[in-house]
Amino acid sequence: MSEQRRSVAIHVPVLTRVEGEGALDLRIDNGEIVQLRLRIFEPPRFFEKFLEGRSYTEIPDMVARICGICPVAYQATAAQALERLFGVELSPWARAMRRVFYCGEWIQSHSLHIHLLAAPDFFGCSSVIELARIAPEEVRRGLRIQALGNELMDLFGARSVHPVGIRVGGFHGAPSVERIGDIREKLRAALPEAEALIRWAAGIAVPQDDQAFVCVAMRHPLDYAIECGDIGASDGLHIGAAAYDEHFAERHEAHSTALFSSYRQQPYLVGPLARLNLNHARLPARIKALLAATGLVLPSRNLFHSLLARAVEILLALHEALRLLDGYRVPDSPWVPVTPRAGVAAGCTEAPRGLLWHRYEMDADGCVVSARIVPPTSQNQARIEEDLRRSLLDFGLDQPDEALRLHCEKVIRNYDPCISCATHFLRMTVERT
Amino acid sequence: MRAPTRPRVAVHKFSSCDGCQLAFLNLGEDLLALAERVELVHFAEAGPLDPDAEVDLAFVEGSVSTPADLERIQRIRRHSRMLIAIGACATAGGIQALRNGADGAQWIAQIYGRPDAVASLERSTPISSHVAVDFELWGCPVSGPQILAVVNSLLLGAAPRDDADKVCTECKRRNFACVMVSRGIPCMGPVTRAGCGALCPGLGRDCYGCYGPAENANTDALAAQFGRQGLDPPAIARRFRSINSQAPAFLAAADKARMKRDE
């Protein structure tokens, strides 16, 4: 009895290896979870407010600053929404290069997450520096792939953090044929490395933790959706970006500065595993075969397969970049002229961490009247809480506090939450009574 | 002679996009090499965690924007022999400083359903507004080579090089045609600090000032030039009110343009 009524409070000041500031409140009474809240206290940065009054020409450079890890996602989504409103038809070159540019971000962000943030968990290491001591070749391979993603972003954006290449209507500049030739060599050389990465990722032992949840991801009739497509869900929903608001709701909980999203009043999953579950039929045959050989059965209901899903998407992104750069020519102009008009437009793309949705109301001069941005992490926030609740029960609430904390962190890292602003504080308080 | 212990280094983060920490995380093999040369005692995003450890070098990303930040930056200063502010947020308050002067409470109410639960200061401010800063590395974002250059200088006991010259000088060095002269594009290069390598003019577009003001920036002359190129006073003010809006030279230039509008 005294054991049951024991009251324990743990302060774990920081959750490491996530992008952002958050805390977890966990209260266990008599062997039951009575409170579980993921608190994100990213300082509010008010992007939606200070975009008001800004010209469409400034938006890509401003929204990039929301996230240093996935700036292309923000730039491409904003540009897509505004191009839709202004009735701009991108040139085939610009359309293809948007996807290539975006592939660079997937490669960079996924490799960073796999090697620097997530993998150390599965090898009992606290950082990539420790991991490099026991798996030096694998870590070096990961860092090389990450660097290649950055290089691909540099080509079109001149730098990979807050790149400066995208403009509404296309790109500011086009890389030379020589530079594209060089990167193609490197992309080709990386294919076997990415294949080895998939085999390595598939070989990492993960907990069996099947859960039921709705997956939401963009869908495209031909391609594995990245930079364009409609929004789909595993329950059959299929809508355009403009209808997002009719199906998805956001609410603010006092314990977080990220808004919580829900779909039919339920949490849902966005991100690599949601995409792979919905879109694996769109993978190139070679990747499908490789994936089948790993034994992964899709759709997967185990979030611990997220790391493998990221590895698969790295290979996909390399394939896509190579395919689209085949026969590359410098266009007459990398952009088409744009004439702004008043109205409302929505846009969406698949950021590395999942669906990213923007909505802009613009005036006749092309200045923002109002803006709304729904990032992937706020969409996943309710799902993370639900997952923690279920996986902690499976894991066993009687485990020592330190083991509980480590398991929570591991679960949270599956989602690669990009809280993108602030210090990565996860203060976890466990109270047991 | 080798120093008996490796220098101890911390990387701290305040309100920001994480992009300047990426200058470390994107170093690739150099990150592993750096981890051998220094002891990374605190760098939450990379794993090591010890925010209150005594360190030789503390890199600080982000701006001070919440009540808790005020106390935390003092603690970091007390525990750090040298404190280096990296990036536009840490040196000028960042893009989120665009809220300074706006009605912050009203903004919170418009975005968040439970405004009472959101802790935020009225203003987003640079690190130097709160504690002594030993070196500022400007840029949004700072780059890996810039960071490594600072680390290398400090490890050798030398003062890091502070390049406060203008982006124009980088264009000249790289032989880029001037976008303002040759294409009539209003460019912030003449008043913006060098360090990026003139990336934007290299793509044929305007510099938008993400490295902050250069030394002796003649913002009056540039604002007049923007006017001749057809920008109206609000548009001129917006050019200065962007990534580094609270840097004194840009703040003054934006205010002047606004006063012109009100005349």
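Two strands count as paired here if DSSP finds at least two bridges between them. On that basis, chain A of this predicted model has an open sheet of three strands in the order 5-6-7, with antiparallel pairing. Strand 5 (216-219) and strand 7 (238-239) of chain A sit at the edges with a single partner strand each, so one side of each is left without a neighbour in the sheet. Strand 6 (residues 230-233) of chain A pairs with strand 7 of chain A in the antiparallel sense, over two bridges. Within strand 7 of chain A, the residue standing opposite A:Ile231 is A:Ile239. Helix 9 (residues 272-279) of chain A lies across strand 5 and strand 6 of chain A, and runs at about 55° to strand 5 of chain A.

The predictor gives the complex an ipTM of 0.94 and a pTM of 0.94. For chain B, the mean pLDDT comes out at 92, and 92% of its residues reach 70 or more.

Chain B has an open sheet of five strands, with parallel pairing and the order 2-1-3-4-5. Its edge strands are strand 2 and strand 5 (135-137) of chain B, each of which pairs on one side only. From one strand to the next, the twist averages 20°.

Going through the pairs, strand 1 of chain B meets strand 2 (residues 39-43) of chain B in the parallel sense over four bridges, and B:Val11 stands opposite B:Phe43 in strand 2 of chain B. Strand 1 of chain B is also joined by five bridges to strand 3 (residues 55-61) of chain B, and these two run parallel. There, B:Ala10 has B:Ala58 in strand 3 of chain B as its bridge partner. Over at strand 5 of chain B, the pairing with strand 4 (residues 80-86) of chain B is parallel and spans three bridges. In this pair B:Ile86 stands opposite B:Leu137, a residue of strand 5 of chain B.

The cut-off for buried is 20 or more other C-beta atoms within 10 Å of a residue's own.

Helix 3 (residues 67-79) of chain B lies across strand 1, strand 3 and strand 4 of chain B, at about 130° to strand 4 of chain B. Helix 6 (residues 144-155) of chain B packs on the sheet too, touching strand 3, strand 4 and strand 5 of chain B, and its direction makes about 160° with that of strand 5 of chain B.

At the level of domains, the assignment for chain B gives domain 1 (8-155) and domain 2 (167-262). Taken over C-alpha atoms, the centres of domain 1 and domain 2 of chain B are separated by 26 Å. Contacts between them involve 12 residues of domain 1 of chain B and 12 residues of domain 2 of chain B. On the domain 1 side, helix 4 (residues 87-92) of chain B gives the most, with three residues. By class, that side of domain 1 of chain B has seven nonpolar, five polar and no charged residues.

Most residues other than glycine have a negative phi, and most peptide bonds are trans. The peptide bond from B:Cys140 to B:Pro141 is cis, with omega near 5°, and B:Pro141 is in the loop between strand 5 and helix 6 of chain B. Chain A has a cis bond from A:Leu298 to A:Pro299, with omega near -5°; A:Pro299 is placed in the loop between helix 10 (285-294) and helix 11 (306-325) of chain A.

As for phi, A:Asn30 has a positive value of about 45° although it is not a glycine. A:Asn30 is found in the loop between strand 1 (22-29) and strand 2 (32-40) of chain A, and counts as exposed because it has 10 C-beta neighbours inside 10 Å. A:Ala158, also not a glycine, has a positive phi near 70° and belongs to the loop between helix 6 (136-157) and strand 3 (166-167) of chain A. With 21 C-beta neighbours inside 10 Å, A:Ala158 counts as buried.

How values were computed: Residues are numbered from 1 along each chain as its sequence is written. Chains are lettered from A and ligands numbered from 1 in the order in which they are written. This is a predicted model: local features need pLDDT of at least 70, side-chain atom pairs count only at pLDDT 80 or more; totals for chains, interfaces and linings use all residues. Axes are lines fitted to C-alpha atoms, for helices over the stretch in contact, and angles run from 0 to 180 degrees between N-to-C directions. Two residues are in contact if their C-beta atoms, placed from the backbone, lie within 7 Å. Domain bounds come from an automatic or database domain assignment. Ala, Val, Leu, Ile, Met, Phe, Trp, Tyr, Cys and Pro count as nonpolar, Asp, Glu, Lys and Arg as charged, and the others, Gly among them, as polar. pLDDT is the predictor's confidence in each residue, from 0 to 100. A residue is buried if 20 or more other C-beta atoms lie within 10 Å of its own, exposed if 12 or fewer, and partly exposed in between; C-beta atoms are placed from the backbone.
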